[in-house]
Amino acid sequence: AGGITYERKTVNTTIGAFDENTRKAILYAKTMAEQGCAIVCFQEMTIPGYPTEDLSQWPGFIRGQYEALTTFVRETSSLPTLYAIGLTIAHRGHLYNCLAITHRGKVRGFVPKEKLPTYGIFYEQRTFSAWNPGTVEETEDGIPIGDLVFKTPCGIIAFEICEDIW
């Protein structure tokens with residue numbers, strides 16, 4: 001209504017297929033930018049696939065996701081769109097289910113999940129740490145991580161992951 005439209009699509013991910021998942025996300029990112037989207041939110045854990053379960057305990061699994069994020073950021077750097085894309089972030093000895101907020105070739109921040117499910121295959125408390133609500137810190141790379149609010153041309157926005165919204 002009122003000229004506002006949206007398109008709901010998700011990246012059909014494969015657990016552990018970082019390059020393929022990221023390639024698909026880049027294709028969607030470029031298509032959405034061409035369509036004039038100002039903000040594109042990909043699903044939870046887009047880069048590694050979901051649920052990652054015990055794979056998240058392997059340091060190489062975490063590094064691979066960050067390398068794929070670097071590729072995503074590089075390949076979308078010329079686009080005007082703000083992106084939110086899911087992956088695991090290691091921070092201060094903990095693993096977090098996060099959204100990376102990217103724009104114009106930079107990671108602008110990481111938003112970690114606070115409320116972790118504890119049922120079925122979504123038993124995230126086994127592998128992830130819950131973020132402390134209201135906390136903002138910086139990663140080793142100087143990137144903000146936590147409950148972040150972003151000022152954009154569309155207004156002030158914040159991101160939540162799955163159960164954090166419920």
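Student: How far is the sulfur of Cys37 from the closest cysteine sulfur, and in which residue is that?
Tutor: In this predicted model, the sulfur of Cys37 lies 10 Å from the one in Cys154, its closest cysteine sulfur, which is too far for a bond.

Student: And how many disulfides in the whole structure?
Tutor: A search of the whole structure gives 0 disulfides. Cys154 is in no disulfide either, with the sulfur of Cys37 as its nearest, 10 Å away.

Student: Changing topic. Which residues touch the most other members of the largest nonpolar core?
Tutor: That core has 33 residues, and those with the most contacts to other members are Phe42, Leu69, Phe72, Tyr83, Ile85 and Phe110.

Student: What does Phe110 contact, leaving aside its sequence neighbours?
Tutor: Beyond four places in sequence, the contacts of Phe110 include Tyr66, Leu69, Ile89, Cys98, Ile143 and Leu148.

Student: What about another core, apart from that one?
Tutor: There is one of 10 residues, including Leu99, Leu148, Phe150 and Ile161.

Student: Now Phe128. Where is it?
Tutor: Phe128 sits in the loop between β6 (122-123) and β7 (136-138).

Student: Buried or exposed?
Tutor: Phe128 counts as buried, because its relative accessibility is 6%.

Student: What does it touch, not counting residues up to four places away?
Tutor: Phe128 touches Met45, Thr52, Ser56, Thr88, Leu95, Tyr96, Asn97 and Leu116. Asn97 is 31 residues away along the chain, yet the two C-alpha atoms are separated by 6.6 Å.

Terms used
Residues numbered from 1 in each chain as written. Predicted model: local features only at pLDDT ≥ 70, side-chain atom pairs only at ≥ 80, totals over all residues. Heavy atoms only, no water. Core = buried A, V, L, I, M, F, W, Y, C linked by side-chain atoms within 4.5 Å. Buried < 20%, exposed > 50% of the residue type's maximum accessible area, 1.4 Å probe, protein only. Contact = heavy atoms within 4.5 Å. Disulfide = S-S within 2.5 Å. Helix = DSSP H or I, 4+ residues; strand = E, 2+ residues; numbered from the N terminus.
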